[in-house]
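Good morning, colleagues. Thank you for the time; I would like to speak about aromatic rings and their surroundings. Please look at the display first.

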Amino acid sequence: MQKSHSESYAAAGVDITAGYKAVELMKQYVDRTMNRHCIGGLGGFGGLFELDCTNMPHPVLISGTDGVGTKLRIAHFMDKHDTVGIDCVAMCVNDVICAGAKPLVFLDYIACGKNVPERIAELVKGVAEGCVQAGCALVGGETAEMPGFYPEDEYDLAGFTVGAVDKSKILDNSTMVPGDVMIALPSSGVHSNGFSLVRKIFDLENQPEVLEKRYPALGCTLGEALLAPTRIYVKPVLALMEEVTVKGVSHITGGGFYENIPRSLKAGCCARIRKEDVRTPALFDVLAKEGNIPERDMFNTFNMGVGMVLTVAAEDADKALEILKANGEDAYRLGVIAEGEGVELV
């Protein structure tokens with residue numbers, strides 16, 4: 001295969017030998033994610049994974065897919081490509097744990113105008129790091145060189161995960177009642193949603209140099225704050241579920257509080273949250289001020305410092321916080337479940 005080369009295809013803008021080099025460069029990163037359930041390696045037409053159902057009498061597979069979105073423009077402006085892969089994994093695995101599933105495998109898809117092997121390897125390096133954080137295996141992927149469709153120096157990155165959970169352990173909000181406690185898991189910043197608004201606020205397409213600006217409250221450049229990778233909550237949340245009944249989980253992505261929290265609520269229940277209890281990082285204050293964004297729009301677009309919301313019985317709240325903190329999460333009480341619908345920010 002390494003002798004495969006087409007001068008005609010290369011003249012059309014596709015260098016298949018660059019693809020081989022990219023695979024060689026990324027192998028060291030992919031190997032970090034392999035475990036005893038993986039069969040074979042890179043190079044096949046599909047990724048093989050042996051499913052162990054020992055503790056799953058009735059296994060259910062759960063899948064999730066997503067991309068990084070226009071956050072990739074920040075990576076492009078900063079010429080830093082080794083962390084957006086973490087975002088790609090996070091957006092998928094954080095979704096499947098909302099059902100109580102453990103992510104098992106991940107596959108990525110990279111489309112680019114020109115295959116620069118070193119850059120592709122940097123992207124996969126981030127994907128592999130995300131997989132390590134999530135405890136899943138990177139069993140395959142695809143790099144598509146698409147000259148004429150993408151500019152030479154641009155790319156898109158997306159992926160999907162498959163997880164498993166026993167049917168009896170799929171999260172069920174049927175026991176949710178007023179008085180239950182919501183727990184917040186802090187975000188690392190904007191994560192991977194709302195970047196079209198972020199780019200508009202700072203007019204990044206016309207003045208990308210603003211990413212080098214230092215805001216005293218941030219402690220770093222604007223670009224560094226915006227590019228901080230999405231946090232992956234898989235291991236601490238699964239650890240919590242082993243010991244405490246979790247009644248609902250919401251991954252706070254596009255649509256912020258108002259769209260995502262209701263997705264885990266039982267009919268007739270609302271999430272009552274005091275705004276002063278939300279630990280909002282300075283980055284969101286900068287965004288609101290620079291863009292003159294109304295408070296409701298902020299909570300309806302961004303995560304506002306909360307990457308995930310868990311709901312537990314009031315009597316389990318202290319134990320849940322203890323477990324989460326023991327697993328590296330600076331979790332805190334966010335609000336309570338009350339009678340009603342949707343989200344009440346008071």
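Let me begin with the term itself: rings of Phe, Tyr and Trp, the last by its six-membered ring, count as a pair if their centres lie within 6.5 Å. Please keep in mind that this is a predicted model.

How many aromatic pairs does a search of the whole structure find? The search returns three. One of them joins Phe 149 and Tyr 150, whose ring centres are 5.2 Å apart. Their planes stand at 65°, and the arrangement is edge-to-face, because an angle over 60 degrees is classed that way. Is Phe 149 buried or exposed? Its relative accessibility is 62%, so Phe 149 counts as exposed.

Another pair consists of Phe 284 and Phe 302, with 6.1 Å from centre to centre and 55° between the planes, a tilted arrangement. This pair links distant parts of the chain, as its two residues are 18 residues apart. Phe 284 belongs to helix α10, residues 282-291, while Phe 302 lies in the loop between α11 (295-299) and β12 (306-312). Phe 284 has 1% relative accessibility and therefore counts as buried. Phe 302 is also buried, with a relative accessible area of 1%.

I turn now to a charge over a ring. The charged end of Arg 296 sits over the ring of Tyr 258, at 3.8 Å from the ring centre.

Finally, the annotation. An unreviewed UniProt entry assigns residues 178-345 to "domain: PurM-like C-terminal". In the model, that span is 32% helix and 24% strand, and its end C-alpha atoms lie 16 Å apart.

Technical notes:
Residues are numbered from 1 along each chain as its sequence is written. This is a predicted model: local features need pLDDT of at least 70, side-chain atom pairs count only at pLDDT 80 or more; totals for chains, interfaces and linings use all residues. Side-chain values use heavy atoms; hydrogens and water are left out. Rings of Phe, Tyr and Trp (its six-membered ring) pair if their centres lie within 6.5 Å; planes under 30 degrees apart count as stacked, over 60 as edge-to-face and the rest as tilted. Buried means under 20% relative accessible area, exposed over 50%, partly exposed in between (1.4 Å probe, protein chains only). Helices (H or I, at least four residues) and strands (E, at least two) are DSSP runs, numbered from the N terminus. A charge sits over a ring if NZ of Lys or CZ of Arg is within 6 Å of the ring centre and within 35 degrees of the ring normal. UniProt positions are given in the numbering used here, feature names are shortened, and annotations may be inferred rather than shown by experiment.
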